[in-house]
Amino acid sequence: SSGINAEYGAFLKSPSTMQRLSLTILLLVSLVVLCESSCKLSDKQLEEKSNSFMTKCVNNGFSSTLNGCHLDLESGLTKKQLRSCKRMEESLEACGFTCEEPEPEPEPEPEPEPEPCGYIQHKNGKCIHPLGGSPNPPVNTRIVTHNG
């Protein structure tokens, strides 16, 4: 009986396969989350760095590997500038930056103008319309009639 209790106690103290598997999955998920959130720049810093990258690097012939950033210009950059551009490119890439402009959202179709009413013809043939003939008269505008 004491041998069984000792084995049961050892079993409770050692981590089970299920516990090990759960811990492994938790560590893998944590690692994936950490890798995905590798951008260390705030929105303002990202905008400033991307503008700087475009003006100082891409527009001066830096051969970038980021989407849409390679302009096939002859580079006039020094080695120091090239290293700086490469570092900027790496930090922008970690934030998902591309030089391609997003597709603009299509403008909504304008609302169709209602057709002006013009006049209403009464069954006796007389025309009925607001005084002054406005298609959108203010409230309490007098109504006039005339022979049509």
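Here is a short briefing on the fold, confidence and a few residues of this protein chain. The model is predicted, with a mean pLDDT of 75 across the protein chain. Four helices and three strands make up its secondary structure, and 14% of its 148 residues count as buried.

**Confidence**
- A pLDDT of 70 or more is reached by 67% of the residues in the protein chain.
- Helix H4, spanning residues 79–94, has the highest confidence, with a mean of 92.
- Helix H1, covering residues 2–13, has the lowest, with a mean of 59.
- A friendly word of caution: where pLDDT is low, the predicted coordinates should not be read in detail.

**Fold order**

**A charged patch and Arg87**
- Lys79, Lys80, Arg83 and Arg87 together form a positive surface patch.
- Of these patch residues, Arg87 sits in helix H4.
- Arg87 counts as exposed because its relative accessibility is 53%, and the cut-off for exposed is over 50%.

**Val144 and strand E3**
- Val144 belongs to strand E3, which runs over residues 143–147.
- With a relative accessible area of 24%, Val144 is partly exposed, because that class lies between the cut-offs of under 20% for buried and over 50% for exposed.
- Val144 and Pro130 are separated by 14 residues in sequence, and their C-alpha atoms are 6.0 Å apart in space.

Key. Residues numbered from 1 in each chain as written. Predicted model: local features only at pLDDT ≥ 70, side-chain atom pairs only at ≥ 80, totals over all residues. Heavy atoms only, no water. pLDDT = per-residue confidence, 0-100. Helix = DSSP H or I, 4+ residues; strand = E, 2+ residues; numbered from the N terminus. Patch = residues over 30% accessible without salt bridge, like charges linked within 9 Å, V, L, I, M, F, W, Y side chains within 5 Å. Areas by Shrake-Rupley, 256 points an atom, 1.4 Å probe, with all protein chains shown as cover. Salt bridge = Lys/Arg side-chain N within 4 Å of Asp/Glu carboxyl O. Lys, Arg positive; Asp, Glu negative; His and termini not counted. Charge placed at Lys NZ, Arg CZ, Asp CG, Glu CD. Buried < 20%, exposed > 50% of the residue type's maximum accessible area, 1.4 Å probe, protein only.
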